[in-house]
Amino acid sequence: MDAAHMFIGSRYILRQISGPLIGAMAIGLMVLLAERLVRLLDFTLGKKNSFAIVFEMLAYLVPHYLGLAVPAALFLGLLFGFNKLSRNSELDAFLAAGIGLHQLVRPVVILAVGLMLASLVIFGWAQPHARYAYRAVLFSVKNVDVFYLAEEGVFMQAGQRTFILDKLERGTRKFERIFLFEDLGARGSETITAQSGQLVDVPGEVRPVLRLEQGHRLRVEGWPDRNPADPTPRQVVGKFSVGETPLGSAAEHLFRSRGEDERELTLPELIDPATAVPSGTTPARMRAELHKRLVNILSIPVLTFLAVPFALGRRRGMRAYRFGVALIILIAYHEIIEQGAVIVQVGRASPYLTLWLPFALLTVFAGYRYYRACFTVPSEWLEPFVDRFADWIRNRLRRAKPAAERS
């Protein structure tokens, strides 16, 4: 077959695979992000620009979930795509035309290599920067003035201040009847009550400012002693029509620089031996992170050779179990890599034993299965047993159905 026909055939193969691949990736991302969306909404509800914050945080989570979704979507796309070709006898037509299975897989291998390079960018750079950005936004949300967390009739704590509001309008940032107590340490305490107020932004002030109206102020300079003979602290009482006071601490609004966690380091930073070990991690954790990322990236092309043999089967045979076995292998491999990285993190084993050995075993197994599917006539010893078991189940159900109808 000439190059033009091969190009048409390759394009057709990619079209058959791209549908389930894109669908699986989109569904996987939506499910993962939806689960996190609920938690983020619960966390940010009632805060200023809460929806904008939620979508910004979800955007930072996309690289993390893409690292999980890309290999799974490729695997499912290959399973469904080649299974469709096999079930519809299109694969037989290609073989009859002189195009071997290994030739049909070539465009898929190119696609897998492209996804591997994309994963290199995702694991190497996008995930560390996105993780840091997500944590920075999370820090800002947690340290935003607690006014946004306030509930009507509930005492709240903001630093050394305790306050309670009778009525609260979050939309206009106004409130009515506030009681505010501030512990000044050795200097005593200050108590403020006001009829109404509003949270305002003042240019040049990083902290939100409480603007109070029609209030009273009580300042106690010191704390009363237990000895009744000592004089009581001096008290100052005042009245004001408008007063302003900032909330929170400016120092708390500064977030640390990137790189405290090994997962915030880019791939070149992990590889470079001159990179200083951050205070929040250890050399073993950095080593585990580096090898886990490399194994995950290099595993993507291997999945191609693992999935294709599982997608093929006898036209009248049971194929669902093949999908089940393939998915179990994929999930088990993922868990082995995750647990292997944990063992390396605590320094109990070498990454070559817990990470690279499973990768090598998977590569050999996938290569063996792929070779048998392409260049031999494989005989699946498990398939006849599964077919007989499925026939037995069907017969039992067929016999049980009339009995159920008679009863």
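Do α7 and α8 run roughly parallel or roughly antiparallel to each other?

Mentor: The model is predicted: local features require pLDDT of at least 70 and side-chain atom pairs pLDDT 80 or more, while totals for chains, interfaces and linings use all residues. Numbering starts from 1 along each chain as its sequence is written, and side-chain values use heavy atoms, without hydrogens or water.

Two packed helices are described by the angle between their axes and the distance between the axes. For helix α7 (residues 320–345) and helix α8 (residues 351–375), the angle is about 160° and the axes are 8 Å apart. The axes are lines fitted to C-alpha atoms over the stretch in contact, with angles from 0 to 180 degrees between N-to-C directions. Helices here are DSSP runs (H or I, at least four residues), as are strands (E, at least two), numbered from the N terminus. α7 and α8 are therefore roughly antiparallel (over 145 degrees; under 35 is roughly parallel, 65 to 115 roughly perpendicular, the rest oblique).

On the α7 side, the contact (heavy atoms within 4.5 Å) is made by Arg322, Ile329, Tyr333, Ile336, Ile337, Gly340, Ala341, Ile343 and Val344. Facing them in α8 are Pro351, Thr354, Leu355, Pro358, Phe359, Leu362, Phe365 and Arg369. By class, this contact of α7 with α8 has 13 nonpolar, two polar and two charged residues (nonpolar: Ala, Val, Leu, Ile, Met, Phe, Trp, Tyr, Cys and Pro; charged: Asp, Glu, Lys and Arg; polar: the others, Gly among them).

Helix α6 (residues 283–311) packs on α8 as well, at about 15° and with the axes 8 Å apart. α6 and α8 are therefore roughly parallel to each other. The residues of their contact divide into 19 nonpolar, three polar and three charged.

The remaining pairing within this trio is α6 with α7, at an angle of about 170° and with the axes 9 Å apart. These two helices, α6 and α7, are therefore roughly antiparallel. From α6, the contact takes in Ala284, Arg285, Ala288, Lys292, Val295, Asn296, Ser299, Leu303, Leu306, Pro309 and Phe310. In α7 they meet Arg322, Phe323, Val325, Ala326, Ile329, Leu330, Tyr333, Ile337, Glu338, Ala341, Val344 and Gln345. The class count for α6 with α7 is 16 nonpolar, three polar and four charged residues.

The ring centres of Phe80 and Phe323 lie 5.3 Å apart and the planes are at 80°, so the pair is edge-to-face. The structure holds four aromatic pairs (ring centres of Phe, Tyr and Trp, its six-membered ring, within 6.5 Å; planes under 30 degrees apart are stacked, over 60 edge-to-face, the rest tilted).

The strands also pair (at least two DSSP bridges). Strand β2 (residues 161–169) runs antiparallel to strand β3 (residues 174–183), joined by eight bridges. Thr162 stands opposite Phe181 in β3, and Ile164 has Phe179 as its bridge partner there. The hairpin of β2 and β3 has four residues between the strands, and Arg173 in the turn has a positive phi of about 65°.

β3 pairs with β4 in the antiparallel sense over nine bridges; Glu182 stands opposite Glu190 in β4. Their hairpin has five residues between the strands, with Gly185 at a positive phi near 75°. Strand β4 (residues 189–200) is joined by eleven bridges to strand β5 (residues 209–221), again antiparallel, and Thr191 stands opposite Leu218 in β5. Twelve antiparallel bridges then link β5 to strand β6 (residues 234–246), where Glu213 stands opposite Val242.
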